[in-house]
Amino acid sequence: PDDKPAIEINAEIMARYIKDHRSSEEELAHVPPVFYANANKNPLAQMNKVKITVADVMKIEGINRYLVEGLPLKTYECSQISDGYAAILLCNEAGLKKLDAPPDKVVELAGFAQRTDPLNTDLRSDILKPAGADEAVEAAYRMAGISARNVSCAEVHDCFGVMGAMSAEIIGQAEYGRGAKFFVEGRASLGGECPINTSGGLIAKGHPIGATGVAMVGW
């Protein structure tokens, strides 16, 4: 098994992303401020009152520091370890009738899928293009009968800033290697082409581990 801590793994992924896609730390520094700005509008977000800019992410000062020697990952690019809870009530049509739930008060789960990649990143064919995630997204879109063109808002698992950028690519909103630019160009922000993590995401809303996935669906 891969016994490297998540921070080290993602710092290596970030370095690869910058090198292979000819990106930069500054481009990837555009990801956290988008999520912090969204958290400022979510009263339930852990970082609701905290504001950061791209310059703050780039400035090595105070709590913001490089977390792995020689690698580009910084404190502001990491999710918050949080306490939290989340719940959803899942019903079929018969259950909704039993609850007398009005149609305009419920949300339809149109498609879902799950795949698993090896925990050991050395066993993956390309750490910048996770096969399991790509297959899961394709299967969920297929079940829902839609494509990325139909998605106008998304919640993604931004455990680290680089994962926010990669997720924009995985869900088909940005071309491969252009996820960071999707944020730089404002396309992931509120009012943009496809706002991402309007809750504030794991980086600014909080990452209560076991509750995280349910919270994303619930939001």
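## Salt bridges around Arg-16

Asp-20 and Arg-16 form a salt bridge, with their closest N and O atoms 3.0 Å apart; the term denotes a side-chain nitrogen of Lys or Arg within 4 Å of a carboxyl oxygen of Asp or Glu. The structure is a predicted model, in which local features need pLDDT of at least 70 and side-chain atom pairs count only at pLDDT 80 or more, while totals for chains, interfaces and linings use all residues. Residues are numbered from 1 along each chain as its sequence is written, and side-chain values use heavy atoms, with hydrogens and water left out.

Because Asp-20 and Arg-16 are 4 residues apart in helix 1, about one helical turn separates them. Helices (H or I, at least four residues) and strands (E, at least two) are DSSP runs, numbered from the N terminus. Asp-20 is partly exposed at a relative accessible area of 40%, and Arg-16 is partly exposed at 33%. In this classification, buried means under 20% relative accessible area, exposed means over 50%, and partly exposed lies in between (1.4 Å probe, protein chains only).

Arg-16 also forms a salt bridge with Asp-126, the closest N and O atoms being 3.6 Å apart. This pair links distant parts of the chain, since Arg-16 belongs to helix 1 and Asp-126 to the loop between helix 5 and helix 6, 110 residues apart. Asp-126 is partly exposed, with a relative accessible area of 22%.

## Further ion pairs

The structure holds 11 salt bridges. One of them joins the side chains of Glu-25 and Lys-74 at 2.7 Å, N to O. Here too distant parts of the chain are linked: Glu-25 is in helix 2 and Lys-74 in the loop between helix 4 and helix 5, 49 residues apart. Glu-25 is partly exposed at 23% relative accessibility, whereas Lys-74 is buried at 0%. Salt bridges with shared partners join Arg-178, Glu-185, Arg-187 and Glu-193 into one network.

The largest nonpolar core has 51 residues. Such a core is a set of buried Ala, Val, Leu, Ile, Met, Phe, Trp, Tyr and Cys residues joined through side-chain atoms within 4.5 Å. The residues with the most contacts inside this core are Ile-13, Tyr-17, Leu-28, Phe-35, Val-162, Phe-183 and Ile-196. Among the helices that each supply at least two core residues are helix 1 (6-20), helix 6 (131-144) and helix 7 (161-170).

Helix 7 is mostly covered, with 10 of its 10 residues buried. The cover over its buried residues includes helix 1, helix 2 (25-28), helix 3, helix 6, helix 8 and helix 9. Val-162 touches Asn-10, Ile-13, Met-14, Tyr-17 and Leu-28, not counting residues up to four places away in sequence; contact means heavy atoms within 4.5 Å. Gly-172, with a positive phi near 85°, follows helix 7.

## Exposed positions

Leu-90, Leu-109, Phe-112 and Met-143 form a nonpolar surface patch with about 470 Å² of accessible area together. Patches consist of residues with over 30% relative accessible area and no salt bridge, like charges being joined within 9 Å and nonpolar side chains (Val, Leu, Ile, Met, Phe, Trp, Tyr) within 5 Å. Accessible areas come from the Shrake-Rupley method with a 1.4 Å probe; for residues, only the protein chains shown count as cover. Phe-112 lies in the loop between helix 5 (93-99) and helix 6 and is exposed at 54% relative accessible area.

Arg-149, in the loop between helix 6 and helix 7, is exposed at 78%.
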